[in-house]
Amino acid sequence: MNKRQIEVSVISDLHLATHACKPKQILGYLKSIQPEILVLNGDIIDSWRFTRNYFPKSHLKVIRQLIKMMEKGARMIYITGNHDEFLRKFSGTKVGQLEIVNQYIFHHDARKTWIFHGDIFDDIIHNSKGLARFGAALYGLLTLANKALNRILRSLGKKEIIIYKSLKKNLVKEKAAPSKFESQLAKSAVSQGYHEVICGHTHLPKIKNIEVSGCQIRYINCGDWVEHFTAAEFYHNQWHLYTHSDVETEESNEDSEIPAERLIYQTLLEELTFQNAISISS
Ligand SMILES: [Mn+2]
């Protein structure tokens, strides 16, 4: 497959480790691009639900693909979000091609793009973390219900649906005027001299200009990989909002198999005992 060469790709809200996650689409997209910089803009690994011990092979494949891209030379900027805030204490860490940060500033010509997850503005506006967690729990329940419903639909030969997508469409009416979240963010970006601002968090992909006291700022929300499958991409000297369609996804068989846990343990046991001549009494 011919990979699209782009300077920067920004993706957010993959929510790995949850049932809502769509690893096939993520993997399809990652395999289709060759970015110089890949920005993981928050809520990549969802630690809120991590305690459930749900991390299937398909999610592991996404992690493997990310590692492979780094091995091939891509720089990876991991910006933490509210669902992966457990990584925030590692902010500033740099390991090889991987950097963990709270925000990233991308320079192009004399312009600069401010990239961060965006939850901080949500907290300032709503002043409640508890509400967000309740929402996340509800979302989790809805996802499970959705999965069950889709199994039934599939067995009847019907197309799958995403419940919360249509639910949210009714809740969040498309307005021409920027939302409170958007205008707060734009205001802050303008006051700091940025030309573009990119965030995720809201699961609402968007690209538009927002006017702040006579100044135009480009606002891009890179969306999510639970419902919309979108990315903010930089090439030809400007930002684009890309929507990934499933159709072109081709699953290559090369190293796509990840050994079962039993086998991994077996290998570990053999490697440690044989190489170090340890005898394990049973
Ligand atoms: Mn978020």
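Helix H2 takes in residues 57-71, 15 residues in total, and its first and last C-alpha atoms lie 21 Å apart, close to the 21 Å expected at 1.5 Å a residue. Please keep in mind that this is a predicted model. Here is a friendly tour, starting with this helix and moving out to the sheet and the whole chain.

**Helix H2 and its surroundings**
- Five names to look for on H2 are His-59, Lys-61, Val-62, Leu-66 and Met-69, the buried residues of this helix.
- Viewed down the axis of H2, these buried residues fall within an arc of 150°, so they line one face of the helix.
- What do the buried residues of H2 pack against? Their partners are helix H1 (23-32), strand E2 (33-41) and strand E3 (75-79).
- Just after H2 comes Gly-73, which has a positive phi of about 110°.

**The open sheet**
- Strands E2 and E3 also belong to an open sheet of 7 strands, which follow the order E4-E5-E3-E2-E1-E11-E12 with mixed pairing.
- At the edges sit strand E4 (94-95) and strand E12 (238-243), each of which pairs on one side only.
- Strand E11 (residues 230-235) runs antiparallel to E12, and 6 bridges join the two.

**The chain as a whole**
- The protein chain has 7 helices and 12 strands.
- Of its 282 residues, 32% count as buried.
- Among contacts in the protein chain with a separation of 6 or more, 70% come from residues 24 or more positions apart.

Key: Residues are numbered from 1 along each chain as its sequence is written. This is a predicted model: local features need pLDDT of at least 70, side-chain atom pairs count only at pLDDT 80 or more; totals for chains, interfaces and linings use all residues. Helices (H or I, at least four residues) and strands (E, at least two) are DSSP runs, numbered from the N terminus. A residue is buried if 20 or more other C-beta atoms lie within 10 Å of its own, exposed if 12 or fewer, and partly exposed in between; C-beta atoms are placed from the backbone. Two residues are in contact if their C-beta atoms, placed from the backbone, lie within 7 Å. The expected span of a helix is 1.5 Å times one less than its number of residues. The arc is that of the directions from the helix axis to the C-beta atoms. Two strands pair if DSSP finds at least two bridges between them.
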